[in-house]
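Please open the model in your viewer and keep the selection tool handy. We will go from the whole chain to a few residues, one stop at a time.

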Amino acid sequence: MGGQDVKLGKALAFVFVSALALIWLVPIIMMLVVSLMPPDQRAPRFGGMLIKGVSLQNYVTVFEDAEIVQHFVNSMAITVPSVILVVLISSLAAFALARLRFFARDVWFYLLIMTLMLPIPTLVVPIFQINKALGLNDTYAGLILPYTALGVPFAIVILRSFFAGFLREIEEAAILDGCTPFGIYWRIMMPVSWPAVAVVIIWQFMTSWNEFILALVTMNSVEVKPLTLVPLVYSGQFMMRPGPMFAILTLITIPVIVVYYLMQRFMVSGLTSGAVRG
């Protein structure tokens with residue numbers, strides 16, 4: 001009976017997880033299906049799951065009319081630097097908070113955790129005013145710096161948990177060999193911290209790439225707008241043409257899926273890296 005109960009439990013779990021996955025996949029499937037429908041066809045009812053024929057004309061229209069390549073370059077020019085800065089800054093800060101001893105170390109860490117409770121909409125006006133005072137509106141830096149600042153606290157939490165579980169004996173042996181604290185960070189801990197770093201990269205890329213509110217109030221010139229603002233810029237043109245609109249949304253989604261697919265094998269191990277202490 002025990003074996004049958006285990007099999008039944010696994011079957012129920014598979015059905016439950018499959019149902020959840022289907023719920024999450026339905027909007028993506030709808031988006032892809034509508035983007036591939038012929039331009040002369042009206043968007044089908046009941047979620048747009050059935051269309052007559054498949055056409056890439058919507059994507060051709062988007063690339064011809066919407067300057068997608070330029071907006072894609074803008075998004076990459078904003079997202080990639082923010083990811084690099086978050087990894088560098090948060091890894092250094094996490095190492096210090098996990099392995100070094102200094103005044104009010106835990107207080108600083110808890111203050112960082114408190115910043116995670118701040119919703120982005122409450123920071124829009126202050127960030128806009130700061131960017132305006134510094135002349136950063138309508139520039140890449142006007143989004144790179146806020147995205148970095150907003151991403152560092154979460155990244156520190158993930159990386160600090162990983163660094164705190166590192167074996168103390170290895171660190172002590174490195175110190176006896178004359179290794180400095182920075183050498184321990186750079187030569188010993190960072191090379192083996194890829195699972196946690198992958199989590200940070202995936203999270204920061206997703207949040208920076210998909211962010212909309214700050215980009216909306218910061219970027220006014222079409223030449224510097226990221227890809228996420230393209231549906232808004234061209235909503236009047238494509239409002240009655242759901243095919244091109246959903247083609248744009250599909251193009252926005254693809255880079256996030258690619259990045260997650262390339263690094264997802266590190267995701268689970270990175271999130272659970274601090275569960276077991278060395």
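**Before you start.** This is a predicted model, in which local features need pLDDT of at least 70 and side-chain atom pairs count only at pLDDT 80 or more, while totals for chains, interfaces and linings use all residues. Residues are numbered from 1 along each chain as its sequence is written, and side-chain values use heavy atoms, with hydrogens and water left out.

**Stop 1: the whole chain.** Show the cartoon and you will find 14 helices and zero strands; helices are DSSP runs of H or I with at least four residues, strands are E runs of at least two, and both are numbered from the N terminus. Switch to the surface: the protein exposes about 16200 Å², and carbon and sulfur atoms supply 73% of that area (Shrake-Rupley method, 1.4 Å probe). Of its 278 residues, 40% count as buried. Buried means under 20% relative accessible area, exposed over 50%, and partly exposed in between, using a 1.4 Å probe and protein chains only.

**Stop 2: the largest core.** Select Val62, Ile68, Leu159, Phe163 and Val200, the residues with the most contacts inside the largest nonpolar core, which has 45 residues. Such a core is a set of buried Ala, Val, Leu, Ile, Met, Phe, Trp, Tyr and Cys residues joined through side-chain atoms within 4.5 Å. Now colour H9 (194-210): this helix gives the most to the core, with nine residues. Next, centre on Ile68, whose contacts (heavy atoms within 4.5 Å) include Val62, Leu227 and Ile248, leaving out residues up to four places away in sequence.

**Stop 3: asparagine 74.** Move along to helix H3 (residues 68-99), where asparagine 74 is found. Is asparagine 74 buried or exposed? Asparagine 74 has a relative accessible area of 0%, so this residue counts as buried. Beyond neighbours within four places in sequence, asparagine 74 is in contact with Tyr140 and with Val222, Glu223, Val224, Lys225 and Pro226.

**Stop 4: two loop residues.** Most residues other than glycine have a negative phi. Select alanine 104, in the loop between H3 and helix H4 (105-115): its phi is positive, about 60 degrees, although it is not a glycine. Alanine 104 is partly exposed, at 25% relative accessibility. Then jump to aspartate 138, in the loop between helix H5 (124-134) and H6. Aspartate 138 also has a positive phi, near 65 degrees, and is partly exposed, with a relative accessible area of 25%.
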